[in-house]
Amino acid sequence: MTTPDRPAREYRLDRLASGPPGQTLCTVDLATHGSLTVDVLDPDADLDVLHAWVTQPRSRFWGLGELSRTELRDLYAYVDDLETHHAFLVRWDGLPVVLLQTYAPEHDPLGEVYDVLPGDVGIHFLLGDRGPRDVPLWSVLAIVVHAFVVDRDGVDRVVVEPDTRNAAATRRIDRLGFRPLDVVQVGEKRARLSVLDRDAAAALAREARATLHVSAP
């Protein structure tokens, strides 16, 4: 229901990248540091990687560690069928390093606790592997977030909501330039709502490319 002083908002789902399982949707060339791809998660082909990652003790805040392989596969097959939530594997020269999930906050429990703007895209990411030790991981992630999530028509900012108890995750988003907005209750989770707007993401990506001596595409 709309209010008299605010017109109805149009939320475009095409602001979220999507594709069939296994498809590469984005490639980031890091010159001498190799290249990264963002591939649509395949619930069957990627199950071994996914199960190994979510069952590690450091992944406990994802809440998937108790799922069987079949349950985990079925969960991500369900996600694959959604138009509002998507899952991807980021690979560095073929090595899986990050599970990245994107979603439309207006179709998520998060959207019930804050004022979702039409250009918002929510993300979750789980670090599975460090990748090359001589390359700053956070610089690489800043480039990927900008290239794959932010640099799309209709996207104005990225939204994250890590559990307030997850100190490692909050440090990560701080290093990626996210700005804290509020502490919100999302279901049973007390979360720190933080945002990264389009201009800030672009600036961080430029800085990261300069750090890695990588030219813009």
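## Strands and their pairing

Two strands are taken to pair if DSSP finds at least two bridges between them. In this predicted model, Gln185 has Arg190 of E8 as its bridge partner, and seven bridges join strand E7 to strand E8 (residues 189-197), the two running antiparallel.

The open sheet is made of eight strands in the order E1-E2-E3-E4-E5-E6-E8-E7, with mixed pairing. Because E1 and E7 (179-186) each have a single partner strand, they stand at the edges, and one side of each is left without a neighbour in the sheet. From one strand to the next, the twist averages 25°.

## Helices on the sheet

Helix H2 lies across E2, E3 and E4 and runs at about 110° to E3. Helix H3 also packs on the sheet, where it touches E1, E2, E3, E4, E5, E6 and E8, and its direction makes about 145° with that of E5.

## Nonpolar cores

The largest nonpolar core has 42 residues, of which Leu30, Leu100, Ile123 and Phe125 touch the most other members. Among the elements that give two or more residues to this core are strand E5 (120-127), helix H3 (137-150) and helix H5 (198-212), and the largest share, eleven residues, comes from H3. A second, separate core of 13 residues includes Leu47, Val54, Ala87 and Leu99.

## Surroundings of Trp62

Trp62 is found in the loop between helix H1 (47-54) and helix H2 (69-81), and is partly exposed, with a relative accessible area of 22%. Leaving aside residues up to four places away in sequence, Trp62 touches Tyr76, Leu99, Gln101, His124, Phe125 and Leu126. Although Trp62 and Asp163 are 101 residues apart in sequence, their C-alpha atoms are 9.5 Å apart in space.

Notes. Residues are numbered from 1 along each chain as its sequence is written. This is a predicted model: local features need pLDDT of at least 70, side-chain atom pairs count only at pLDDT 80 or more; totals for chains, interfaces and linings use all residues. Side-chain values use heavy atoms; hydrogens and water are left out. A nonpolar core is a set of buried Ala, Val, Leu, Ile, Met, Phe, Trp, Tyr and Cys residues joined through side-chain atoms within 4.5 Å. Buried means under 20% relative accessible area, exposed over 50%, partly exposed in between (1.4 Å probe, protein chains only). Helices (H or I, at least four residues) and strands (E, at least two) are DSSP runs, numbered from the N terminus. Contact means heavy atoms within 4.5 Å. Axes are lines fitted to C-alpha atoms, for helices over the stretch in contact, and angles run from 0 to 180 degrees between N-to-C directions.
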